Amino acid sequence: MDIPLHYFDEYIGDRLYAALDNPFAKHAAVTAQNATASFASLDWSSTTAAFESAKAVVESWPGLSSLRRDSVLRQALSLYCLTYVGIFVLYFSVATFSYYAIFDHRMEAHPRFLKNQVRKEIAYSLEAFPMLDLLTLPWFVGDVRGWSMLYDTVEEGPFGKQGGALPWLYMAFSAAFFLWFTDFCIYWVHRWLHIPFLYKRLHKPHHKWIIPTPFASHAFHPVDGYLQSVPYHMACYMFPIHKYMFIGLFSFVNLWSIFIHDSDMLCDHPLEHYINGPAHHTLHHLYFTCNYGQYFTWADKAFSSFRVPAKGDDPLVAVLAGLEKKRQAEEDAEAERLRALKAPEMKRIDSGLGSEVDPESPAPSSPASSDRESSVERSEMARPKRIAKQRTSTASATSGTDETLSRPRREGLRSRK
Ligand SMILES: [Zn+2]
Ligand SMILES: [Zn+2]
């Protein structure tokens, strides 16, 4: 972390601390450190020149703080702010992108998707960040004070003095070992977090999200999040790792954590047997006791907790079934409503009042009469039943056609008009 801290001090930190500092302490520090150089650079050729050169010197001072760059307090404060800004920017930029570009929004219709879930996930994450940051701080302070085994350049690392391919080979080995070590440790940390005692106290909040969105990636108890990051920090104190590589891997694990929370069930991909992707972690949120891994599936396989993602496990199946059920229910309700509308008309027909409407007369042209329109429509629907009824009543007496059965009634109606 000394690299980001160096750039922070260079461009922001020095001025910021000077501005915030006690003015008397600041003045004393400036006087002590710059007096000699400033005095030597003054132009004494005239009073005006001396005044102008002194003014230029003062304005050129960046300002110094009584908290020097190597002060532990200043380093801790700076690292706390840097880490907070870093995780805040990364979380909102990547999770927002993933939520809008990858996450299938139909998932929000899943019966286990909570009301206002995204807002709750974000609120929970923002609550966790300050404490998570504080817990992580000692590792970062230890690093900038030189207690870790991170190294700055290839030459400073193992086999750096020998040159050639060896230091690069070590870098490749350390990257692979780092991934294996952290994956193994995170598997067990996560699995132990499912022991009922720890689960209830630490890990349960993260499993509140049965159908997680990318915003759930950091929505956990701060101690839960911290414990799952400890293997990363431990690794830096156990074996030499290149600093830039560590920053890259540490940032990537945060991206990966967001990526595996998009609930996307990518099934039948050849890599699904080796890489612990979104489908595996979706199953973990659905079934709790499988797929504890971070990047890879080997630990789950080795310790009997691997579950292969299957198409039938996809929560989208339940979502689509629910949507179909809802559509069917709406159709049934509409059919019921139409039946209810028809019922009074049928009664009127049964009592002989239905004959007041001529089933073959043209539709009313008056724009105001929706009642009349529905009356005609109902009458049209009722016609086959009326005809059937007439057939029944006259079948024994006559052998006429439908036309002959209905003609007298129509003629009667026309004569009324
Ligand atoms: Zn999760
Ligand atoms: Zn879990």
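The following legends describe close-up views of a predicted model.

**View 1. The bend in helix α1.** Helix α1 comprises residues 2-20 and bends by about 60 degrees at D9. The C-alpha atoms at the ends of this 19-residue helix are only 22 Å apart. A straight helix, at 1.5 Å a residue, would reach 27 Å.

**View 2. The surroundings of D9.** D9 lies in helix α1. When neighbours within four places in sequence are left aside, D9 is in contact with D14 and R69. D9 and Q75 are 66 residues apart in sequence, yet their C-alpha atoms are 9.6 Å apart in space.

**View 3. The buried residues of α1.** L5, G13 and Y17 are buried in this helix. The elements that cover the buried residues of α1 include α4 (72-101) and α5 (117-144).

**View 4. The largest nonpolar core.** This core has 16 residues. The residues with the most contacts inside the core are A95, W209, F215, A216 and A219. Two or more core residues are given by each of α4, α5 and α8 (222-238). Helix α4 provides the largest share, three residues.

**View 5. The contacts of F215.** F215 is among the residues with the most contacts inside the largest nonpolar core. Apart from neighbours within four places in sequence, the residues in contact with F215 are A95, Y99, V118, E121, I122 and S125. One of these partners, A95, is likewise among the core residues with the most contacts inside the core.

How values were computed:
Residues are numbered from 1 along each chain as its sequence is written. Chains are lettered from A and ligands numbered from 1 in the order in which they are written. This is a predicted model: local features need pLDDT of at least 70, side-chain atom pairs count only at pLDDT 80 or more; totals for chains, interfaces and linings use all residues. Helices (H or I, at least four residues) and strands (E, at least two) are DSSP runs, numbered from the N terminus. Two residues are in contact if their C-beta atoms, placed from the backbone, lie within 7 Å. The expected span of a helix is 1.5 Å times one less than its number of residues. The bend at a residue is the angle between axes fitted to the seven residues ending there and the seven starting there. A residue is buried if 20 or more other C-beta atoms lie within 10 Å of its own, exposed if 12 or fewer, and partly exposed in between; C-beta atoms are placed from the backbone. A nonpolar core is a set of buried Ala, Val, Leu, Ile, Met, Phe, Trp, Tyr and Cys residues joined through C-beta atoms within 7 Å.
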